[in-house]
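Dear colleague,

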Amino acid sequence: MQQPAVCHLPNEDVEVLNSVYGKNVIKLLRIRRDDKKHFIKEVNACVHIRLNSVNEYLHGDNSAVIPTDTIKNIVLALAKCKGIQTIEQFALDICNHFLSSYCHVVYIKAYVQEVPWRRLEKNGIPHVHSFICVPEGIRFCEAEQCQNGRPLVISGIKELKLKKTTQSGFQGFHRDKYTTIPERTDRVLSAELFCKWSYGECQDIDFDCIWGTVHECVLEAFSGPPDCGEYSPSHQKTVNNIQMLTLARVPQIQEIEVTLNNIYYDVTDLKKFGLTNDKEVLVPVEIPYASYTCTLGRKKCLREQA
């Protein structure tokens with residue numbers, strides 16, 4: 001049976017609004033050996049570029065296309081030649097290579113995230129070549145740049161799970177006929193955090209130091225003083241506390257976005273076993289879950305951008 005001919009619009013009737021392509025999930029482990037002591041960075045990179053033409057899309061002309069396998073190989077080669085001091089600098093190195101090596105690349109975006117390895121210690125003595133993976137949040141970054149433009153860098157933390165067993169409540173909220181939850185003055189506050197922030201100028205920034213400071217701000221604002229904690233009236237206020245403390249301590253950060261995905265715990269009814277349960281045995285409720293996001297920026301920086 002004869003197949004009907006495919007109907008095409010003329011290229012003159014359409015306009016390409018955006019076109020990017022690249023390689024995702026480029027995984028590598030970079031080892032730097034300083035005599036007996038070894039240093040490691042294990043990363044996962046995604047690199048996408050935009051060319052100055054769209055002939056490959058409209059006409060099937062691949063003459064300008066840099067194969068995605070080439071993109072992967074360049075990332076591996078840069079890891080060898082440049083090393084990975086920080087993931088932010090590595091992302092900037094990737095951007096700089098493509099924009100300086102290929103005049104027909106007009107835009108690049110590099111995403112890099114780091115596996116959270118920490119050097120093993122025994123009795124306070126760091127091991128020379130052994131490491132442990134610690135679940136204290138995954139560090140990631142994005143760098144993007146246009147031809148003849150300045151790079152923009154975003155750093156972040158994701159998949160950081162936080163919990164406190166008191167000093168949290170939720171009261172005074174709007175009620176109508178669909179509201180069934182009771183007000184709470186004492187509850188478990190548990191959440192998975194996603195946080196990212198942007199800088200002004202990217203020159204002379206100690207990315208390691210800033211990431212460590214933001215990580216400390218998140219933990220401090222969430223938990224409060226170690227001997228007594230700090231009361232949280234809502235997830236939203238906890239988000240704001242994290243942002244305000246971070247902006248106060250890190251002047252290089254212009255804008256910060258924080259998301260808390262709630263992990264709800266239900267108090268289990270143990271009466272059928274003849275037992276009381278004073279919020280001692282709880283069961284996590286995975287879905288549905290609530291999410292709270294806010295982006296906060298410095299007014300001075302927002303005015304300058306406008």
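**Aromatic rings and their neighbours**

K164 lies over the face of F222, 5.7 Å from the ring centre. A charge is taken to sit over a ring if NZ of Lys or CZ of Arg is within 6 Å of the ring centre and within 35 degrees of the ring normal. R119 likewise has its charged end over the ring of F39, at 5.1 Å from the centre.

This is a predicted model, in which local features need pLDDT of at least 70 and side-chain atom pairs count only at pLDDT 80 or more, while totals for chains, interfaces and linings use all residues. Residues are numbered from 1 along each chain as its sequence is written, and side-chain values use heavy atoms, with hydrogens and water left out.

Rings of Phe, Tyr and Trp (its six-membered ring) pair if their centres lie within 6.5 Å; planes under 30 degrees apart count as stacked, over 60 as edge-to-face and the rest as tilted. By this rule there are five aromatic pairs. One of them is stacked, because the rings of F140 and F194 have centres 5.5 Å apart and planes at 20 degrees. F140 is buried (under 20% relative accessible area; exposed is over 50%, partly exposed in between; 1.4 Å probe, protein chains only), with a value of 3%. F194 is partly exposed, at 26%. Ring pairs link Y111, F140 and F194 into a cluster.

The rings of Y199 and F207 have centres 5.5 Å apart and planes at 80 degrees, so this pair is edge-to-face. Y199 is buried, with a relative accessible area of 5%, and F207 is buried, also with 5%.

With kind regards
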